[in-house]
Amino acid sequence: MTDTVLNPLPPAPLAMPPQRLGDVRPHAPLPGDGWAVQAARAFVFGSALALTGALGWVMHDWFNEHGLNGVEVMVMACALFAAFWIALSVGTAFLGLLPRRVAESVAVAPLDIAVMLPVYGEPIGGILENAEALLRGLRAHRPAHRFALYVLSDTRDAGRVLQEHAAFRALMRRLPGARLHYRHRADNTRYKAGNIEDWVTRWGGGHDAMLVLDADSVMSPRAVLRMADALGASPRLGLVQSIPRLIGGETLFARMQQFSNTIYGTTLARGLTLWSGSAANYWGHNALIRVRAFAEAARLPDLPGRRPFGGVILSHDFVEAAMLRRAGWQVRFMPEARGSFETTPETVIGHVQRDRRWCQGNLQHLRILGASGFHPVSRMHLFQGAMAYTASLGWFALMVLWILIGTGQGDGAIVYFTEANPMFPAWPEMDVVSRILIVALTYGLLIAPKILGVLAYWSSDPLLLRVGGPLSFFGSFLMEVLLSVLLAPTMMVQHMMAVLRTLTGFDTGWRPHAAASRRFGVLVRFHALELALGFAMCALFVAGTLTLWLTPIGVSLALAPVLSWATATRGRWVQALFRTPQDQGPAAQDPAAPAPAYSGA
């Protein structure tokens, strides 16, 4: 079979040599990040270590009354391992409260930009509507930059391919004179990364930069032009990553995710931008990349060995950012490009299925951490992506240890290592002060990023008009916290299962997930492990062998199918809850821009 090309633009081949992960000759280094970035890094990592150390000190003070033993050390290690990553987000959120310095106007070189739209079987109609709205909006701004649209299809279903052909021809009729191109690959070698590589080697030489989108991406013209101006003004800038906000949520779960991403995520993104500096990350979409830099530095090798840890690097974007930075190109976040959006799975099951794919790709990064020449912050992005999933193992191990060695005593006081548990040494009873300190530190770490996000948003919109007013805003905040607490045990178990699936050689692959069902029988089967754990924990509590502090976790796990079903609810009341500025349309974030049409692709 051969590739299918419609309305082809002139070929412009560009060499893209394969890169190596080890034994790489160092490139000319970039100038170091300034004192502000260095101070931000010191604050974030210093505060995370201090908060984790404080928790460790309180736990050590409790356990050390009669000397530490091996089991106590294991409990402390699990707790501190899991707590550090939460503490890191607290420091990042604090940084996000700082005002951003506005960049001075500089000369901008005009760029020829390819708008890259890789598709893989998604419904094409809404995708091309969004692309058309972006092209029309860009044309209305009459920028110095030029734009061409490339639809790069890896779709496997023949019927869907024909639909793509018809939709693209209709787009050509609606946009006469626009530079439009469609290519369908007969063989989707190396998935999305291979799709982009194929374009670079065949047409990349004809463009200065590429705007990489996903099928569900929505971007305003002003956001794209801000990114283009930044790239055109800085010759050593290789990649600009916008901070996408979630849009289009219709279920309770998706609306909750959209609210959380907007209110808390914005503050975290600003902080992350400050300490990442010129060694930021790439999330695979809604990013503008200098084609020459990408071609010379970012063609990834396959990992040795069999999948899931070997073969094609699935989460290629993190690694491509690290390789660009290694080659002497700056990689930066751009939160001020506000008109950048994507969608989110509508249900817990859809979210988990996507996380399984991401987990496999992110765990591959553990094999890449030692790659030659990577910037320390690039290594941190790779490590942090893996820890987003493996931290759940720490939380789960900690919970299991408490279950094995604890017993409830009426008011919830904990007594350990009785005759019923002869394999474990006796622990002292936990004193009230230590109990309060540990609970306060743990819950304080969990809630602090949310509170900081609320304060930051409140200061930017004192009347909270864009989110329905104070009553709606604080009601949504309380509901989000409640649902997050209820769903956290389920997510912990599902992340742990995703890690174990990968570690035991189960290859999830990189394929679209199946539509999530709301049928209760399907939900019970999907959440069978949570159900079993939850009912077992509740039975232990009734028998008096489980501390009161763990009982809410057991109840949440036992209710996992019910919570999964309930959060898939749609309706008018759901739309009224968790309001965000995006509900007024994507253009509400960039009011001077023509409104792009949103369609849930």
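In this predicted model, Trp-199 makes contact with Ala-114, Met-116, Tyr-150, Leu-152, Arg-183, Gly-204, His-207, Met-210 and Val-291, when residues up to four places away in sequence are left out of the count. Trp-199 is also named, together with Tyr-150 and Met-210, among the residues with the most contacts inside the largest nonpolar core, which has 81 residues.

Aromatic pairs number 14 in the structure. One of them, formed by Phe-259 and Phe-578, is tilted, with 5.7 Å from centre to centre and 45° between the planes. Because Phe-259 lies in helix α7 (residues 252–276) and Phe-578 in the segment after α18 (572–576), this pair ties together parts that are 319 residues apart in sequence. Phe-259 counts as buried, at 0% relative accessibility, and Phe-578 likewise counts as buried at 0%. Tyr-457 and Phe-473 form a stacked pair, 5.7 Å centre to centre and with 20° between the planes; this pair links helix α12 (residues 432–460), which holds Tyr-457, to helix α13 (residues 470–503), which holds Phe-473, the two residues being 16 residues apart. Tyr-457 and Phe-473 are both buried. The residues of these two pairs belong to one aromatic cluster, which also contains Tyr-264, Trp-458, Phe-474 and Phe-477.

On the surface, a nonpolar patch is formed by Phe-520, Val-524, Val-555, Leu-559, Val-562 and Trp-565, with about 470 Å² of accessible area together. Helices α14 (520–526) and α17 (560–566) each supply at least two residues of the patch. Val-524, found in helix α14, counts as partly exposed at 30% relative accessibility.

Definitions and conventions: Residues numbered from 1 in each chain as written. Predicted model: local features only at pLDDT ≥ 70, side-chain atom pairs only at ≥ 80, totals over all residues. Heavy atoms only, no water. Patch = residues over 30% accessible without salt bridge, like charges linked within 9 Å, V, L, I, M, F, W, Y side chains within 5 Å. Areas by Shrake-Rupley, 256 points an atom, 1.4 Å probe, with all protein chains shown as cover. Salt bridge = Lys/Arg side-chain N within 4 Å of Asp/Glu carboxyl O. Helix = DSSP H or I, 4+ residues; strand = E, 2+ residues; numbered from the N terminus. Buried < 20%, exposed > 50% of the residue type's maximum accessible area, 1.4 Å probe, protein only. Core = buried A, V, L, I, M, F, W, Y, C linked by side-chain atoms within 4.5 Å. Contact = heavy atoms within 4.5 Å. Phe/Tyr/Trp six-rings, centres within 6.5 Å; stacked < 30°, edge-to-face > 60°.
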